[in-house]
Each structure stands twice: as structure tokens, then as C-alpha cells.
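The sequence and the model are shown first.

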Amino acid sequence: MKSKIFQFSFLLVGLMLILLTSCEKKETKLQQPKKLSIITTLFPTYDFTREIVKDKANVSLLLPPGVEPHSFNPKPSDITEIHKADVFIITNIYMEPWATEILKGVTNPNLIVVDSSKGMKFLKETHHHSHGKEHKHEAFDPHIWLDFSNALIMIDNILEELIKKDPANAEFYKNNAENYKLKLIQLDEQFKNSLSNCKKNIFISGGHLSFSYFANRYNLKYLSAYGVNPEAEPTPRELKKIINLIKKHNLKYIFYEELITPRIAETISKETGVQLLMLHSAHNISKDDFATGQTFLAIMEKNLMNLKKALECL
């Protein structure tokens with residue numbers, strides 16, 4: 001009899017423990033807030049945002065790794081994901097001209113749309129290019145993040161809207177943003193110091209026009225084979241101008257860009273004997289780099305090494 005009572009008591013205690021554990025799990029699940037879903041368009045905004053939110057939100061990159069961004073247009077499935085998100089961050093309307101149109105079809109009233117370029121002054125881009133005939137094209141240069149002072153503004157704009165959406169983590173986001181901004185400021189100082197004492201003050205890219213903000217920041221002269229759009233072929237006159245400048249300044253290197261076949265840079269290299277170096281504008285990264293967690297800061301540090309080599313810095 002005592003044995004049966006003991007067995008019954010043991011079973012009863014076991015059931016109570018199971019029920020209590022189940023309740024605790026349910027309570028824990030209820031207490032854990034849902035993480036923000038954030039979609040960014042370009043690698044710089046993606047990397048800046050994940051540095052701010054860390055593990056407090058889910059950040060995704062709309063642009064698939066390895067895809068050149070200037071020809072990118074979102075698929076219907078991308079638009080669906082934007083509709084379901086809490087926050088959608090664009091670089092600027094000149095970099096993502098499709099954003100304005102697709103957002104007209106997004107009906108999520110709780111979606112916060114962040115233009116990271118808010119309050120920024122854009123450079124005008126004037127370039128001669130050819131689609132069968134030469135003509136003049138004027139546009140605004142969208143590559144704002146390549147001036148680190150602009151990158152700081154982008155971070156502040158992203159931070160401001162994230163705090164509005166998730167005030168509970170405001171201090172966490174602020175601290176992370178400030179720490180990351182300090183790293184950018186330090187890197188900016190490295191660029192200033194390293195590039196202020198070089199034998200050359202001009203660099204040439206066989207890619208598209210993406211480093212104007214950068215050149216302005218560090219008082220350098222810069223020429224690219226393409227305009228803002230990398231699909232606009234350079235004219236024979238432009239190629240001749242580049243070749244003449246290389247010879248005039250006795251340059252030893254020409255830069256090529258990420259994710260685009262360096263056909264023009266290779267042509268100029270064969271014509272002049274200059275060597276090729278990568279200058280990464282960080283629009284996007286390769287699938288392998290994405291998988292290994294490549295960062296904006298690491299890309300820029302590699303750029304600094306290559307620029308010091310090309311400009312013959314002391």
C-alpha cells in the first residue's frame with residue numbers, strides 16, 4: 001500500500017514539474033519580444049545597420065551577393081518581403097530609383113522607410129559617354145558612402161529611425177552606433193594621413209564613376225572610364241584621354257572594380273603597360289565574401305593599401 005502511495009506521489013510530482021516547466025517556457029516565449037525585421041538595399045547600409053542592431057534585429061540585404069547594383073530591379077518576391085518588414089532602408093533615390101515606385105504598392109502602414117541620405121548634399125556628375133553616338137549626360141552621383149563624413153550621416157539617419165521603431169533598445173543602438181562611428185573616424189584619419197604625402201595625386205579607374213566623393217574628401221584627382229552607369233561604354237576620345245594622362249603622370253597602375261569584368265582596364269593596361277589593382281566601391285560583395293562576413297571597414301582598409309601603392313605614398 002505504501003509503495004503504491006509513493007508511486008502515485010512520485011507521478012503527481014512529475015506531472016506538476018512538467019506543467020510548471022511548460023508554463024515557464026510559455027511565459028518565457030511571451031516575454032521575449034519579436035525581433036525587428038530590417039531590409040536594406042545596398043551593402044554599406046546593410047553593414048552599418050547590422051553594426052548598430054547586433055543581435056537585437058534581423059537584417060537582410062535585398063541585393064543578392066555578387067550582383068552588380070546599377071542594373072538591379074527587385075522581383076515580386078522581394079516586394080513581398082519589403083511589405084512584411086518593419087524597416088526598409090535605402091541608400092538614396094539616385095542609387096535605387098526603383099524604390100519610389102515599388103513603395104507605392106506597399107500597403108503595410110507600420111513599415112518605416114529610411115532614406116539614409118537625408119540632409120546630404122549630392123555631387124553632380126557630368127560625363128561624356130556613348131550609345132552609338134557621343135552625348136552629354138548629367139546626373140547626381142549616388143556613391144555617398146565613399147566619403148566617410150557622409151557615412152557618419154547615414155548611420156545617424158538609420159539610428160534615428162530604428163529608435164523610433166524600437167525605443168526599448170534605444171541605448172543599445174546608440175552605443176553601438178557611436179562605437180562604430182569612432183572606427184570610421186579613425187579610418188578617415190588614416191586615409192588623410194596616408195594619402196597626404198604621396199608622389200602622385202591622381203588615380204584612374206577602368207570602371208564606372210564611383211569615387212568622386214572619395215577624391216574630394218582627400219584632395220585627389222580622379223578619372224574613370226565609365227560614367228555613373230557602368231553599362232555606358234567609354235568613347236574612343238575618353239580612352240585616348242586616359243592613356244595620355246597615364247603617360248603624362250607616369251602612372252604605374254590602373255584600378256578596376258568589383259563584380260564587373262575589367263575589360264576596359266585590361267585594354268588600357270595592354271596599351272600602356274600599367275598594372276591592375278582593385279579599388280572596391282563596396283556597392284556589393286561576392287557570395288564568398290558575404291558568407292565569410294566581409295565588412296565595409298575591411299574593404300576600405302584594403303583600398304587604402306592599394307591606393308598607397310598606386311599613389312606611391314611615403
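The model is a predicted one. K252 forms a salt bridge with E312, with 3.2 Å between the closest N and O atoms.

## K34 and D86

A salt bridge also joins K34 to D86, whose closest N and O atoms are 3.6 Å apart. This pair links distant parts of the chain, 52 residues apart: K34 is in the loop between α1 (2-31) and β1 (36-40), and D86 is in the loop between α3 (76-84) and β3 (87-90).

The two partners fall into separate accessibility classes. K34 has a relative accessible area of 68% and is therefore exposed. D86, at 15% relative accessibility, counts as buried, because the cut-off for buried is under 20%.

## K54 and E51

K54 and E51 meet through their side chains in a salt bridge, at 3.2 Å from N to O. K54 has 43% relative accessibility and so counts as partly exposed. E51 has 18% relative accessibility and so counts as buried.

## Network and total

Salt bridges also link five named residues into a network: D147, D188, E189, K192 and R217. The count of salt bridges comes to 17.

Conventions
Residues numbered from 1 in each chain as written. Predicted model: local features only at pLDDT ≥ 70, side-chain atom pairs only at ≥ 80, totals over all residues. Heavy atoms only, no water. Salt bridge = Lys/Arg side-chain N within 4 Å of Asp/Glu carboxyl O. Helix = DSSP H or I, 4+ residues; strand = E, 2+ residues; numbered from the N terminus. Buried < 20%, exposed > 50% of the residue type's maximum accessible area, 1.4 Å probe, protein only.
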